[in-house]
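Student: I would like to learn how to read a protein model step by step. May we proceed by question and answer?

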Amino acid sequence: MHIRGDHAELVVGGRLDVRSAADARTVLHSAVDDGAGDLVLDLSELDSWDATGLGVIMGAHRRAGRCGRRLVLRAVPPQMQRLLVATRLHRILAIEGGIGVESLPRV
């Protein structure tokens, strides 16, 4: 897993899972605490995430809200969009461009 960027926009790549969760959490919390306005997470380079990785995203979302900021997901890969829809988190998280629920394959 790698994360690059600053307190306004981060690009997340690789796997966001139980092995990388602690490092990702540290980087995301620092970015939330050190900035202002929207924090954009570009997920275009993310290969996969598991429940722990999704928990890291939700934790950053809650922390951003407490800091008066908004966490915005950008370029969410289709398989991850399906997970957000299945868990109904697409209704809670800010997703740039939204998710075209009707265009996702049914599972």
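Tutor: The questions below go from the overall fold to single residues. This is a predicted model, in which local features need pLDDT of at least 70 and side-chain atom pairs count only at pLDDT 80 or more, while totals for chains, interfaces and linings use all residues. Residues are numbered from 1 along each chain as its sequence is written, and side-chain values use heavy atoms, with hydrogens and water left out.

Student: Which pattern does the protein follow along the sequence?

Tutor: Helices (H or I, at least four residues) and strands (E, at least two) are DSSP runs, numbered from the N terminus. The protein has three helices and five strands. Read along the sequence, their pattern is β-β-α-β-α-β-α-β.

Student: What radius of gyration does the protein have, and how does it relate to the globule rule?

Tutor: The radius of gyration is taken over C-alpha atoms, and the globule rule is 2.2 Å times the number of residues to the power 0.38. For 107 residues the rule gives 13 Å, and the protein comes close to this, so it is as compact as a globular protein of that length. The radius of gyration of the protein is 13 Å.

Student: What percentage of the 107 residues count as buried?

Tutor: Buried means under 20% relative accessible area, exposed means over 50%, and partly exposed lies in between (1.4 Å probe, protein chains only). Of the 107 residues, the share that counts as buried is 41%.

Student: Where is Arg69 found, and which side chain of opposite charge is nearest to Arg69?

Tutor: Arg69 is found in the loop between helix 2 (51–66) and strand 4 (71–74). Lys and Arg count as positive and Asp and Glu as negative, whereas His and the chain ends are not counted. A salt bridge is a side-chain nitrogen of Lys or Arg within 4 Å of a carboxyl oxygen of Asp or Glu. Arg69 is buried yet has no salt bridge, and the nearest side chain of opposite charge, 7.0 Å away, is Asp38.

Student: Which backbone oxygen atoms does the side chain of Arg69 approach?

Tutor: A polar contact is a pair of N or O atoms within 3.5 Å; within protein, one must be able to donate a hydrogen and the other to accept it, and residues adjacent in sequence count only if both atoms are side-chain atoms. One backbone oxygen, reached at 2.8 Å, belongs to Ala31. The other, 3.0 Å from a polar atom of the Arg69 side chain, belongs to Val32.

Student: Which parts of the chain does the salt bridge of Glu45 and Arg4 tie together?

Tutor: The side chains of Glu45 and Arg4 meet at 2.9 Å, N to O. Because Glu45 lies in strand 3 (residues 39–49) and Arg4 in strand 1, the pair ties together parts that are 41 residues apart in sequence. The parts are therefore strand 3 and strand 1.

Student: Which residues are linked in a network of salt bridges?

Tutor: The side chains of Arg74 and Glu9 meet in a salt bridge at 2.9 Å, N to O. This pair links distant parts of the chain, Arg74 in strand 4 and Glu9 in strand 2, 65 residues apart. The network consists of Glu9, Arg74 and Glu96.

Student: What is the phi of Ala75?

Tutor: Most residues other than glycine have a negative phi. Ala75 is found in the loop between strand 4 and helix 3 (78–86). Its phi is positive, in a residue other than glycine, and is near 55 degrees.
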